[in-house]
Structures are given as structure tokens and as C-alpha cells.
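Biologist: Could we go through the ring contacts of this model with some care, one question at a time?

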Amino acid sequence: MAEDMKVIVFKLGTEEYGIEVERVQTIERMLPITRVPKTYSFVKGVVNLRGVVIPVIDLGGRFSLPEAEYTDQTRIIIVTVSDMQVGFIVDSANDVVDLNEDDIETPPEIVGGVKAKYLRGVAKLGDERLLIMLNLHEVLNKSEIISLESMEG
Amino acid sequence: MDMNQYLSMFIDESNDHLQSLNEKMLELEQSPEDLSIVQVIFRSAHTLKGMAATMGFEDLASLTHKMENVLDLVRNEKLQMKESIFDVLFQSLDALESMVQDIMAGGEGKLDVSHIVSSLQAIEKGEESDPSSIEVSKDSNTGSATSMPALDEFQNSVLIQSIQAGQGVMFIRVIISRTSQLKSVRAYMVFDLLERSGDVVKTEPSVEQIEQDQFEYEFSLYYITQMQSEELKKAILNISEIEEVHVIPLTEEMLGLGANEAAAAAEVIEKPEVIAEAISEADTNSKNTETPKAVPGDEKEKTVRAAAKTNTAPAASKTIRVDIERLDVLMNLFSELLIDRSRLEQLSNELEHTDLIETVAHMSRVSSDLQNIVLKLRMVPVDTVFNRFPRMIRDLAKSLNKKVDLVITGADTELDRTVIDEIGDPLVHLLRNAVDHGVESISTRVESGKSETGTIQLRAFHSGNHVFIEIEDDGAGIYRDKLVKVAISRGVVTEAESAAMTDQQVFQLLFAPGFSTAETISDISGRGVGLDVVKAKITSLGGNVTIHSVPGKGTNFSVQLPLTLSIISAMLIKLGSEKYAIPLSSIVETGIVKKEKIRMVHGTKMISFREALVPFVSLAEFFDVEDYSDEAEDEIEIVVIRKGEQLAALAIDDFIGQNEIVIKTLGKYLPNIQGISGATILGDGQVALIIDPNGLIK
């Protein structure tokens, strides 16, 4: 049975992405970030979210997209995936849409420079809009990062 | 009925009972004549059985039942405790423990215990015993609880002795509401309540029947307690679906009369004035009579045995179990409050409004009291770790053919729960080590003029912001020369190095990886094999181990631990715009060095500190700090930190000051970061990373 779901829509560069609303704990404006040395380059550091220290990731950096300036549109989306709390820095987040599981199609090999394995699929919104649904487990999968980082030297 | 919600309670309580069974059995082993201990064991086993049966863990219930049968013979003096019985009983306890473990892991608690059961049955039958006495009499009819059930001679004498010892003896009749769906559970709840503050001596119908629901809506029992009858009545009525409770205090005379006459007398006595009289009479009686219990057992064999206080009813414990995660949440919320407090203090000082300043000052006082309480909530007595050791030492000593007494002191010393969880394994290792290598064999001990039985002291005590746990044996001690010889042969030190070492440094060699002085490495422990792991674990907890030893006299391992892992004193420092916290416990000194004093030795920067060369670590360089570098400075601020015996000088930008900080983790996503042990939130809401000295000293 295809299920209806609510999806938080955010922007990275020119593309629109989606995360299921159940995964999202809160969406915050930019917070002061404390840099954490000796970790992955896309880990911007940690923030204080009401007493809990949460690591934040530059999601663009995670997908090796060109770096974007932080503006007053920049948001941190705090997600919870298998016991881990992580913040994603995104260019903006300002929409919630209803989707049906059937609307999601298998992703083409490359979408906006993001590797297919990070994607759950692509959903069509109306005629023009394409929404890229993220596979959060893969995005937060660290085993691959470690080999990647060591390749970069 | 959904039992899942009771499962965690069942597991906790089963563990408690198993622990107390273990303890009491050890106690009994020291004084096998003391029937009061058997009573306690019996009661514990019985409760365990009841709980297991209620929860539907049949194997557990039936094994406990078999144990109970044996214990019943013992307490009725139909069977003498002896070593073989102890061994089988201990085996049963182990089996029960693994069943509970299995249940904890989500299993059914099933285990093949047929051999233990057959040994238990053999014991049961081995002595000539009247089988009918094993089962509590089943013949009496269940309906007529108005008259008192007959007591056998032993039970009668127990009751009389209790009265003589100043305890109250009651006859209790409980009627459960006819609408109750689960009368056996209600009955169980009554027993559970009663067993918390006294002893149930005899029930009618038998406990087995009650448990199996084979009774009408009422049952009666004899009960020994310190509680007053009214209080007792109220407590029982508090259990829901209990319709009626009759509590009749009994006197020695009534018991002396025999059951039937006593019943008649009881009818009369259920009037308050007479009760008062009866009680005062019982009082005078108890003054005249000697306490009948003599404590048998050998004087010199004073081990873990707590003074024979087993006869007194255990005080009902006024505690609740709280999920540690909830405490963590409380802790988090509280640290937020602390942050807001410092912000408010700052604001009120700026605004200079008198009322505001006063209110904030008051709030500060209240919140620091709160802080103390919240911290104390996480404190657990070390007893929770220590309590498994007596049994372990017993088994170890037995398998090594040694005689060892374990003396525990300071078991009520409290430590943070997180430390408690971690400290068990290192202590097990040190204790095994003490039994295996510390205490000599019986013959060696006798030759060197010592008593046959070796003593291991396990001590815990507070000192300042630390808790010390010491393990001291009166065994062979450590011979420096022998140790140095082995160390040289293993290439741990050179001969020249060893000559300059202090005794303490030599002893520390024991903690070197892969080091062992035992000539033959036993399966129990090789001194050194694994001691490096012990050391590493304790250091990771922010603690330290030191060894003192006098050859021929014994060895003392002293473990120093921080009181808590969640709030520590730290020095806040600056590296450019970044702030870091260094735990005060690892700081030796702070100071300033001139740039030209930094020397290069084998490619590493060193400075001389108190006549020793200490590695110089530039934190800014280590952490790739962008807006600060000590290259530009002529005089560099340093913090000398310590990891065990090793020192290092950390170059920093500036000191901010000393502060109490709440330790937070960096979250599961971030890997273990070299040199960082966690984070804390400062007064302004900013996150500062906590430096891990262990990661900076290689």
C-alpha cells in the first residue's frame, strides 16, 4: 500500500530536497558553531541546541557541492537517524509538502552532483518541481567517508 | 495480563534476591549452625520462586522450589549443612543467575538443570526425612480460616522465641474481594508486603496452593514482625481488592496453649484493652528471657560475615528505581538552568536593580542546592559492585586450594553511577590477582609463620574529590629485584634505567603491556597479563592506580577515582577565538616559558620542567587553530598535564579561569576525536571542547 507522507523541503544550491517529517526534530536558524578539530572536513563543528551538544554537517560539503555562503536564509535541520542526532546546514528550508510513496521514482544515476546511493528517489511536484528525497542512513554512513577521506589524503 | 511491564521490575528484584542469596549462603558457610540465616535464605528463595511463578518462568520456579525443599529440611533441623550441600546450592544459584541473565536478554529463562535438580533431590532423600514435612501440609481444608491453623512444634517454638526476643507475633487473616480477577496475585502482593518487614511462618492454605490459585478468597498466616497490628492492617488494606484484614497479636501464653485453645483465646483478645495488656506482658517476658540465639562459628574465621543481625526484620526500603536515562535528561535540563543562572547573574549585575539582584542571588542559592541533590541522585554505593566479590573469592580460593578471607570496608561509599558501571572489571582483575599471586599457598604461609588463611582487604573511602578503592593482601609481596630482572629480560627497561628507578616506578612496571612475573601463567590471572588493561581502564575514567608492597608482608593496590564523571572542575583556556577546557585533575602546573627555552630533541620540541625534559605540545598546531599561533609569541603560556607518570607541556594562548563544567558527549555521529574527550556549554551558551590529556600524551 502506498502511504501518504509529509516531507520537509529544503534547498541546496539550485535543487530542492526532501526529508520525511518524522526524521526532523526541529529546524533552527544558524547557531554559533564550535569548530571540532581532527574530524571530517564537512563536519562544521558542534552547536548547543538547548543544552544538548549536536554535531552539524554542511550537507552541501557532504555531497561535494560547491561551498555556499551562509545567509539569513541558512537553516540547520536537526534530524534523528538510528539514535544519532545530527544537524544539516542547508541553504534554506521553507516548505512542507504531502507526498505519496508512489510519487517517488528511482533516481537517475546523478542528480545535481549527488551520488545515487544517497538518494531514495525523485518525486515530481506538479509540472515543474522535482524533489530529491534523501536516504539519510546512507548520508550518515561513516564507513564510506573514512575510506573517502583517506583517499583525499 | 501483560507481564512485560513487570519484567524489568522482576529482573531487578530477582537480581537483588540472587545477590542476597549468595551473600547469605557465604555467611552460612561460615556458621552453618545458625538457623536464622537459613530462614533468611529460605525467605529469599521463596519470594524468588513466587515471582518467577507469577511471571510464568517455570524452570526458574521449579529449581527454586527444589532448593527450598532442601532448605526447609535444614531449617527444620532435619538436615545438617555440609560442604557438598553448599556446593550444590551454589551451583543452583549459578543456574538461577544464568536463567535470569537469559530472561534479561529476552529469553524464556530456560536452562537444562536436570543434574542439579537430581543432586538436590538426592540431598533431600539422602538424609532420612519425613517427606510430608517437605511440602507444607496440604490436607487442611481451605475454607475454615476462622480457626487458627495448627502449628508444628518447631514453628511454635520459633514464634515463642520471637516473642521472647521482643518481636511481635501476629495471626493474620486476609479476605480478598470476590470480584478480584487475580486473587493469587493479590495474595502474592500481601506476602511481598509482609516479607519486607518480617517473617511469614506458616500459611493456611499452603503457599503453593495460594500460588496455584487453589484457595477460596481468604487465607491466614502467622507473622513475626516489629510492626504494630493497626499499622500492619492499614498497610495490607492499602493493596487493592483486599476486602477484610484481621490482625491478632499473639502472646507466649496463647502459643503455649496450643493452636485450638489459642484460637479461642484469640477471639477474646480481639479487644483493644486486652491486646494492650497482652503486649505489656510479652514485653516483661522478653526482658526476663535470654536471647536464645547463640552465635556459633570459629572466632578466627571472621570474613565478610556481617554481625548476626539476620534475626531482625529488614527495614522496608524507601527507594524507587529510576531509569538512568531519565536522570540524564534531568541532568541536561539542569545544566541549562545553570547556564541561564550565570547569564541572569551577569544581567542583574549590569542592571544594578536591587530587587532583581536579590532575587537572582536567592535563585542562585536554591539552584546550587538543587545541583547538589541532582548530583547525589546519580550516586550509588560501591556495594553494588562489591557484593559479587565474596562469592568470587570463595570460588577462586577453593579452586586454588588456598584459604582466603575477604574483608570489605566502606561498602557504603558512594560513586557516580557511570563510574560504578565501569569499575567492576578492573576490580575483579585486581582481586583475582591478589588471590592468585598475592596470597601464598597454605603450606608456604605456614612455613613463613603466617596463619593458614590469607586476608584480602577491600576498602573504599572518600578523600577530597576522589574515592579510593584499595585492595590489600597479606601475601608474598613484590620483590623489586625479581621484577626488575623480568622487566630487563622482556626488554621493558634497560639495566641502567632500572637502577635509577624508584620503588614506585618499578612497581608501575607491572602495568606495562605484556608483562608478567608469574613463573607459570595460570588461567586465573598472570600478574601483568591484563594489568595493563586495568590501568588503561582506570586512567580512562580519570583515575590512577598506585602499588605499595613490602616483600613478604603483602601488596596494596590503590585505585583513585573521581567522584563523578558528569561534572568536573576544569581550567578554561583560549586559543585565539576558540575556548577549550582542561580537566583540573590532570593539570600539574601552569606557567610561562620563554621561546628560546624550547629545545629540539630527536625532532620533538621539549622544555625542561623541574629538572626533567618534558615534551612541548603546541595545542594551536595540534588542533589546526586558524587565528592563533604560538610561533609569534616570545613568552608562551603553558599548562603542564599529567597522564600517570608522564608529563607534557601544552602551549596555549591565554587562561580564562577555573570553572565547574558539565560534561557532554559530542554525540554518536562524531568519531573518537584525538585529544578531545567531550564538550561543555559555557555560561554564554557557547560550546567549548574538553581536552583529553590521555590523547595528547603518547
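Biologist: Are B:Phe191 and B:Phe219 buried or exposed?

Modeller: This is a predicted model, in which local features need pLDDT of at least 70, side-chain atom pairs count only at pLDDT 80 or more, and totals for chains, interfaces and linings use all residues. Side-chain values use heavy atoms, with hydrogens and water left out. Taking buried as under 20% relative accessible area, exposed as over 50% and partly exposed as in between, with a 1.4 Å probe and protein chains only, both B:Phe191 and B:Phe219 are buried.

Biologist: How many aromatic pairs are there over all chains?

Modeller: Rings of Phe, Tyr and Trp (its six-membered ring) pair if their centres lie within 6.5 Å, and planes under 30 degrees apart count as stacked, over 60 as edge-to-face and the rest as tilted. By this rule the count over all chains is 12 aromatic pairs.

Biologist: Why is the pair of B:Phe191 and B:Phe219 classed as it is?

Modeller: The ring centres of B:Phe191 and B:Phe219 are 5.5 Å apart. Because their planes meet at 25°, the pair is stacked.

Biologist: Which charged residue lies over the face of B:Phe42?

Modeller: A charge sits over a ring if NZ of Lys or CZ of Arg is within 6 Å of the ring centre and within 35 degrees of the ring normal. At 3.6 Å from the ring centre of B:Phe42, the residue over its face is B:Arg75.

Biologist: Which residue lies over the face of B:Phe622?

Modeller: Here the charge comes from chain A and the ring from chain B. At 4.4 Å from the ring centre, the residue is A:Lys38.

Conventions: Residues numbered from 1 in each chain as written. Chains lettered and ligands numbered in written order.
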